[in-house]
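My notes follow the order of looking.

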Amino acid sequence: MSHAVEEIKHVSGHVLRVAGPVSVLENPRRVDRVENGIVRTVLQYVQRAPLTILVCSAYVRIVSGTVTDISGAPLKDVNIYRAENPLAVIATTDSSGHYEIHDVCVNGADLIFGKEKFVTVTKTTSSSRRKRRVSERLLALQVTLERLEPLVMSEHPQNKVRYQGQSVTFCCMAKGNPAPSDYEWFKDDIILDYTMYDYNNTLTLSDLKCEDGGRYKCRANGQGGSQYSQTALLTIIESAGTVCSSTPGDKLFKLPEDCSTPDDSNYYNIGKCPHSICPNDNTSQQCVDSQGYCCGPLAFETVDISCTAFTIPLQVISSCGCVPCGRQTIKVRGIAIAADDGTPLNYGSVLVENEQVDRTNSKGHFSFELPKGKNRVSVTFKSRKTDDFVTTTKIFTLSEETSTYHTVYLQRRAPSVTLDGSVDSTIPLGGDEGQANAELFIPAGSFYKEDGTPYTGNVQASLTPTDLTDQSAVDTIQSDLSTRDAEGQQMPLKTFGMFSMQFTDDNDDPLRVDGDMKLFIDAEKANIDTSAASLPHLWFLNEQTGEWEDIGGLEISQERRKKRQFDTQDFVVGNINLVGYDLTNLPMCNIDQIESGPRICHLKVRAYTDDSLTEPLEGVTVTAITNDLVVRDRYAPDVQSGRFSFFYTATTGPDGSACVLTFCGRNNSLFSINVKAEYGQTTLTAVHPNDVSEEEHPSQWPQDLLSTLTLPQSPGDETGWVTMRGLTPQMAYTQTEIREEYDWWWYDWYWYDDDYEWYGWQYDWYDYDRIESRELGPFYWQWWNYYTAKERCIDANLTENHLVFAYPTEESGLYEYEHENYDIENVDDQERDRTVYSWFPYENEDKRVCFIKILVEGASSERFSVSSFSGGHPRVANNTMYGLRIDDSKPDPPVSGISPKTAACIEFKCSGYLREGDAFGDDHLPDADETIIKIAPSSLSWSRCRLKGNLSGSIYQEAANSDLVDFISDDNLLHMVTFDEELKTLGFQIPHQDIPTYTTGIYVSKGEGRDGYDDALKNCHAGRDTAYLDNSAPNPDSAWAVTYTCE
């Protein structure tokens, strides 16, 4: 039996109501009824218990009060309902937040207060103060509404591996205001039956079978919408041998030019273990496995490789097996700087999902740790009050197995204009009045102080637009241009413009804007088609989620606006209401449109450690920009390159691949795609598809796409952008082509294309796999489901087409080798536990980096090596190589007017503490090693270069800096100085008690990651100890350590 909720009146005139609307009337469902051509929606409830009717013994004629937000500001347009009939509005608050309700039961009547973007609350009349009057009963009910916070996943399910018959538990957790009401679980995008699995925010599977393997995710639901978790992969293993082979795979290590193998190869196979997760024997119902196991090296052997002036001891993997995985957290590092001139964000706040995790240092650097399992995180950067940076929210994409480095570019806040808060105001955006791209209209009396009191004094208003006509603007774009639909699916947004807002009083204290502002937009300049079936919407950025929230659509403006001279303008207008937002941090505003599925493509990218394209490079950040080639602004500069409309970033995984989302069209006149790959602070080099051997990638790019491809001008180009058209051959199928390939049952299906044409496709129930097989990358597209296209892109193997990048390498350039490999760009390498062979004993701001400067007297650049050896430490065999560096002297050629010489600045391992097995951060060992360094020309310069001086003793006066001689002397005796009779090599030991000054030709700096490295290198080239502060020009002749003469 079902009932529609309604009020019933007793014969006495008292109001009757249904008792316990939640516990008695259960399982509400919405029913649409058509009455006189109008669709009406009502709630029906199924009666689960006897219906009890209560008689209201007392009622009041008037319930009144005020509804405010948490700051005390009044809220208008708040709808009020009786709990018995939550669809019928009985009152609405006015502009002062006031309301009145007549004839309400006083003994426990429930009233519901609701407003869009705010948390709905229920108030009971019996808990309120009642005032008696002579002629009536009056009830005062004050209500405060909190802003609705969308759901955010704070815990995601983790990838897991299990044997058949074991159990597994996946967990997720969402937070928001209000909290989620329920959770759902999906396997391979199909919802799991709750009655079978009895899940909530945890899902437990027992007695696992092979068919249980797949992709699992959860969805949280609530008033704030729905939110999906990230996907977790469950792998079911039949036996241990199928996970981790004991025989290592191939990994070729590139030797320096001074070395070679017996077969005269420049590469040596040092082996590698498969990148796979081993099953966990712990079957307890834990959300995160307490100890993960991965396939890794079990045993090594050392192979000595002979070189011109040294021997390299290579560590070669001899067997693999399941070993404990590394860290359970991911280290995130980077730098936040101004986009215009590189000024660092000094001591700014770094927030992850609105919780502060770090502050930038004086150079703008930041670092923090996150638990593994997150591949997308919202990070916000806020400057101090005295700085002029726009609060910036970025989306960091992470790889589960490696940490990443991020460069964050901050936009400077536009100069403020002074407004009178008591009158209407109009502020131009993106140009002078009459020439602006948009105008913001603020009605009089819209400003309020932090305590909610009206403010009518002077207002300092700063509106900072983002120039989308400039491709470099992508560096300052907020978030990642995505939103969430009602089902919780992430959707891409095509942008037409964005701007930030800040309003303060004369004391620089923030003001709130509680009025319906209007944004008037020049449609032509914003590239908006006013004849389209639907116009873009206005969106606010939610810093916690990093997603954009829809605040309303645009419409054609009927108001007359100022025009350009000799021109006409079409304006679109939208309302902006800031009620309920944080006073101190007004949201970024965006003009966007959800891009439809038929326009969404995924581009497959692969990255490698070098141009041999044999070793994948994990942790590379790939950025793809989509430019709209349909530009409506006749005055826009460089119309041919299009207008920025979308961008996307992704991070390569263990296989070196990533899929980035772009927009595509059925011809090459709609979208231009620009792609760049960066590893740390290094821009990777794009490899032309025709230069990729068929052995690595046997497929060939479609010719019509290949003809649009443009690569950077030179390897290591600072810009690094690869340009091509957004075109996938499958979209370009003609009806004739499809008929020729599939000649059975057909029907027509049409959709409207944004390039103003009806675009016809003909489909039947043909084999989709056959037609999809014609598309082998690098773009992947499916008209009915772009999520399926993404999966196809992710699953694409090496036989298909990809856009390929390689870490830049040159014949003459820096070569690095460590006994224990250390990658300064890879934070995981920097953070792992140390051994006595570690190049750096610890990783923090006190880490020391050392360089030595070699002066070259000659007509051209020469190449030198500097090797670092142990100097007698009790736990390391004497003369054990820690590593070496080989590099060129610079500049090449020498610069007349500065110096006719060149100089090589080469890193060596600093003397100091050694660490073995201690946890990160514990630097307490009392013993230290005094590094022995050996300097020599490389094989390329060996025959031409020798130390300046001769064996009779002038070597100390001519080849060595006197300050260096004093530093390494002990009682006026040189400290372990050695050189050969040909005066090719020079070796000496570096004392550890004191840090040498730059006048010795040794340069030492401190800093985490690349900080100290970059500072020491700049100082070395300039011959000064403060060159890193002002980027002084290189001066080879200043403050060198040793001198070589080269013919």
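The notes below cover the cysteine pairs, then the cores, then the serine.

**Disulfides**

I worked on a predicted model. I counted the disulfides and got 11. I then took three of them in turn.

I looked up Cys171 and found it joined to Cys287, with 2.0 Å from S to S. The torsion about this S-S bond is about -75°, so I noted the disulfide as left-handed. Cys171 sits in strand β18 (residues 168-171), and Cys287 sits in the loop between β28 (277-278) and β29 (293-306), so the pair ties together parts 116 residues apart in sequence. I checked the accessibility of both ends. Cys171 has a relative accessible area of 2%, which is under 20%, so Cys171 is buried. Cys287 comes to 28% and is partly exposed.

I went on to Cys259 and Cys307, a disulfide with 1.7 Å from S to S. Here the torsion is about 105°, so the disulfide is right-handed. I placed Cys259 in the loop between β26 (252-254) and β27 (267-269), and Cys307 in the loop between β29 and β30 (311-324); the pair links distant parts of the chain, 48 residues apart. Cys259 is buried at 4% relative accessible area. Cys307, at 14%, also counts as buried because the cut-off is 20%.

I read 120° about the S-S bond, and the link is right-handed. Cys850 belongs to strand β65, while Cys910 lies in the loop between β68 (902-908) and β69 (912-913), 60 residues apart. I noted both cysteines as buried.

I also checked Cys210, which is partly exposed at 37% relative accessibility.

**Cores**

Which members of the largest nonpolar core touch the most other members? I found Val675, Met724, Leu803 and Phe805, out of 50 residues in this core. I listed the contacts of Phe805 beyond four places in sequence; among them are Val605, Tyr608, Val675, Leu684 and Val722. Arg606, Lys676 and Thr685 are also in contact with Phe805. A second, separate core has 33 residues, including Phe499, Phe503, Leu538 and Cys589. I looked up Cys589 and found it buried, with a relative accessible area of 0%.

**Serine**

Last, I looked up Ser838, in the loop between α6 (827-831) and β65 (848-857). Is Ser838 buried or exposed? At 5% relative accessibility, Ser838 counts as buried. Leaving out residues up to four places away in sequence, I found that Ser838 touches Glu820 and Lys909.

Notes: Residues are numbered from 1 along each chain as its sequence is written. This is a predicted model: local features need pLDDT of at least 70, side-chain atom pairs count only at pLDDT 80 or more; totals for chains, interfaces and linings use all residues. Side-chain values use heavy atoms; hydrogens and water are left out. Helices (H or I, at least four residues) and strands (E, at least two) are DSSP runs, numbered from the N terminus. Buried means under 20% relative accessible area, exposed over 50%, partly exposed in between (1.4 Å probe, protein chains only). Contact means heavy atoms within 4.5 Å. A nonpolar core is a set of buried Ala, Val, Leu, Ile, Met, Phe, Trp, Tyr and Cys residues joined through side-chain atoms within 4.5 Å. A disulfide is a pair of cysteine sulfur atoms within 2.5 Å.
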